[in-house]
Amino acid sequence: MPTALIIGASRGIGHELVRQYRADGWRVIATARKPEDIDSLTRLGAEAHALDVTDLDAIAGLGWKLDDEKIDTAWLVAGIYGPRSDGFPTQDDFDSVMHTNVLAAMRLLPIVAPLVASTRGKLGVLSSRMASIGGRNGANGSLYRASKAALNSVLRDTAITHGPQGATCIAFHPGWVQTDMGGSAAAISAEHSVRDLRATLANATPAANGSFLNHDGEPIPW
């Protein structure tokens, strides 16, 4: 039975990833912050662990729990948008967004990537088309854009480090998705996005290591 690890599975895309992998018979290890979300993941049949990705001790604890696991597919989903208004960011806003979207990845991916490499498996992180510098045509959400561009850099470093050991590491834009972040007017459902994300990552070859892709596999400029 293959094993998937979903970090940030309390709702939206992360929760739907758990649901779909479980429906296909996978063993799923999933994390969330709140007890009620842990209970929801357990009801789906996942092995659920409490994790605040901004808590260093909690990350170390997850690393201990995952010791010797062999992960076929891992997803880092946890992330926040931050302030909806643009302009001069407060220190608290900056710290919250950067700690959640970037520092957490810098701490988690060195733990997760070797477990994926051990199976010659796949690792996906949820970025955003808004992170693209080469394809950018707007400046709204500048703090979120900066954090996701930095996340892409962390993913690329992870790909360079762990790709030779067998991990295929990819940054994804999930689409404009009907979630709490995307809103009800978004273009696609979480089910649609996750179906595409899973298929694209599953079909990726080692040649795709370190790439930045749309949910349907279309390359996105860095």
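**Exercise 1.** How many bridges join E1 to E4, and do the two strands run parallel or antiparallel?

*Solution.* The model is predicted: local features need pLDDT of at least 70, side-chain atom pairs count only at pLDDT 80 or more, and totals for chains, interfaces and linings use all residues. Residues are numbered from 1 along each chain as its sequence is written, and side-chain values use heavy atoms, with hydrogens and water left out. Helices (H or I, at least four residues) and strands (E, at least two) are DSSP runs, numbered from the N terminus. Two strands pair if DSSP finds at least two bridges between them. E1 and E4 are joined by four bridges and run parallel. Within E4, tryptophan 75 stands opposite isoleucine 6.

**Exercise 2.** Find the order of the strands in the open sheet, and say which strands stand at its edges.

*Solution.* The sheet has seven strands with parallel pairing, in the order E3-E2-E1-E4-E5-E6-E7. E3 and E7 (211-214) each have a single partner strand, so one side of each is left without a neighbour in the sheet. On average, neighbouring strands are turned by 20° against each other, direction ignored; the axes are lines fitted to C-alpha atoms, for helices over the stretch in contact, and angles run from 0 to 180 degrees between N-to-C directions.

**Exercise 3.** Check the span of helix H1 (residues 12-23) and list its buried residues.

*Solution.* The expected span is 1.5 Å times one less than the number of residues. For the 12 residues of H1 this should be 16 Å, and the end C-alpha atoms are 17 Å apart, which agrees. Buried means under 20% relative accessible area, exposed over 50%, partly exposed in between (1.4 Å probe, protein chains only). The buried residues of H1 are Ile13, Gly14, Glu16, Leu17, Val18, Gln20 and Tyr21. Just after H1, glycine 25 has a positive phi of about 90°.

**Exercise 4.** Where is valine 53, and is valine 53 buried or exposed?

*Solution.* Valine 53 lies in the loop between E3 and helix H3 (56-66). With a relative accessible area of 8%, valine 53 is buried.
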